[in-house]
Each structure stands twice: as C-alpha cells, then as structure tokens.
Amino acid sequence: MKKLLCFFVCFLLIVPSALADTPPVRLSEDDPLYTSLLERSMELAGLFNEGLHSESYLSRLQIPDDLKEELALVQMQDFTQPLDVTIVRAEDAFAMYQGNDPWIMLFSADVSPALKAITWQKLYNGVGATLASQNGVSTLALSSLLSFSDAYMLPEGMGMPCFVVMQYGGLYAYLVTFYPTANGTVIANAQFILSRAADELNLPTE
C-alpha cells in the first residue's frame with residue numbers, strides 16, 4: 001500500500017508544482033459564473049462534511065488505522081461555513097511548463113487532439129492530489145479516499161478550467177476544480193488540502 005502511494009506521489013510530481021506562475025483571473029461576486037460554481041462547491045463541501053461524521057459512510061471507505069489520527073483532525077473542522085472563498089479562471093495555470101514538462105512532451109505532431117485534451121484534463125483534475133501530497137503520503141491517501149467527483153451541464157460563460165478554494169481559518173482548505181469538456185459538461189473534483197498548500201495556486205487577492 002505504502003509503495004503504491006509513494007509511486008502515486010512521484011507520479012503527481014510530474015504535474016506542475018508551482019501551479020500558477022501566471023496568476024489566474026479572480027471572478028467577481030457579481031459574475032453569474034461565480035454564483036454557479038459557488039453553489040456547486042458548497043454542495044460538495046456539504047456532502048464532504050456530512051460524510052466526515054457518518055460512521056456508516058466512513059466504514060464503507062475502509063480507512064486504514066494509520067490514517068485515523070489525521071481523520072480525527074479533519075473531523076474537527078466544519079467545512080460548511082467557509083470564511084473566505086476564492087474562485088478563479090485558471091487557463092494559464094500550467095503555462096510555465098509549455099515545452100519542458102514530461103506530459104507536454106506528449107503533445108507532438110503525432111498525438112491526436114483528443115489525447116491532448118484528455119491529458120490536460122488529467123493535469124487539472126490532479127491539482128488537488130498534488131497539493132494534498134505536500135503534507136506526505138498519509139494526507140494524500142486520506143484526501144483521495146474522501147474526495148468527490150461529479151459532472152454537470154456546462155455553466156454559461158465557462159470556457160476554461162476554474163478553481164474554487166474555500167478557507168475556514170483552520171488547518172485545512174477545500175479545493176474544487178472544474179474542467180469543461182468538449183461534450184458540453186464540466187467535471188468537478190473536490191477534496192481537502194492543507195490551507196497553506198493553496199498558496200501554490202498563486203491566487204489573486206483582489
């Protein structure tokens with residue numbers, strides 16, 4: 001198990017570690033897309049918080065004993081009442097890696113547009129796991145076990161990936177990545193990360 005997780009961490013390091021050399025663009029609260037993504041994110045955070053305190057749900061996840069100490073820490077935080085929410089468009093989150101990242105090497109002339117698209121989707125959807133891994137294998141494993149994914153109809157005005165970061169004034173933050181697909185849907189991936197790890201997203205403050 002630990003060897004597998006260590007391999008997973010090494011794999012994630014292929015994903016950019018400085019995720020946003022070019023700062024994403026923050027959405028204003030009067031933007032309709034802000035409201036749509038906030039509603040979806042709050043729904044996922046609410047389900048996450050419910051699951052944290054459901055013995056029936058947790059028992060079905062078969063959380064290993066060596067993760068239960070951190071689980072107890074996560075359970076101490078209320079994820080339904082964020083103190084601050086930042087929502088950004090993240091089109092350029094990986095711009096600094098054009099031409100030199102191992103994944104980008106796949107983007108040669110003989111790679112189809114469909115494979116390119118699915119690779120970018122993999123990179124963006126892996127952001128949460130990448131950030132969770134900064135605290136070690138245990139946090140990564142627990143965050144991944146408790147993660148959620150869902151799909152929605154593409155909101156109007158969303159033509160690029162977006163991140164939603166909810167801060168609670170505690171040890172942990174909640175990250176939701178939204179990635180638009182070619183078939184008119186958006187994939188949402190949600191999981192907890194350390195609050196300080198959100199700094200790697202280089203989020204705009206205003």
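View 1. Ser-41 counts as buried because its relative accessibility is 0%, where buried means under 20% relative accessible area, exposed means over 50% and partly exposed lies in between (1.4 Å probe, protein chains only). The residue Ser-41 is found in helix H2, residues 32–52, helices (H or I, at least four residues) and strands (E, at least two) being DSSP runs numbered from the N terminus. Leaving aside neighbours within four places in sequence, Ser-41 is in contact with Val-164, Met-166, Val-176 and Phe-178, contact meaning heavy atoms within 4.5 Å. This is a predicted model, in which local features need pLDDT of at least 70 and side-chain atom pairs count only at pLDDT 80 or more, whereas totals for chains, interfaces and linings use all residues. Residues are numbered from 1 along each chain as its sequence is written, and side-chain values use heavy atoms, with hydrogens and water left out.

**View 2. The salt bridge between Arg-89 and Asp-31****.** The closest N and O atoms of Arg-89 and Asp-31 are 3.7 Å apart, a salt bridge being a side-chain nitrogen of Lys or Arg within 4 Å of a carboxyl oxygen of Asp or Glu. This pair links distant parts of the chain, with Arg-89 in strand E2 (residues 84–89) and Asp-31, 58 residues apart from it, in the loop between strand E1 (25–26) and H2. Asp-31 counts as buried, at 19% relative accessibility.

**View 3. The salt bridge between Arg-40 and Glu-43****.** Because Arg-40 and Glu-43 are three residues apart in helix H2, they are separated by about one helical turn. Arg-40 counts as partly exposed at 30% relative accessibility, as does Glu-43 at 44%.
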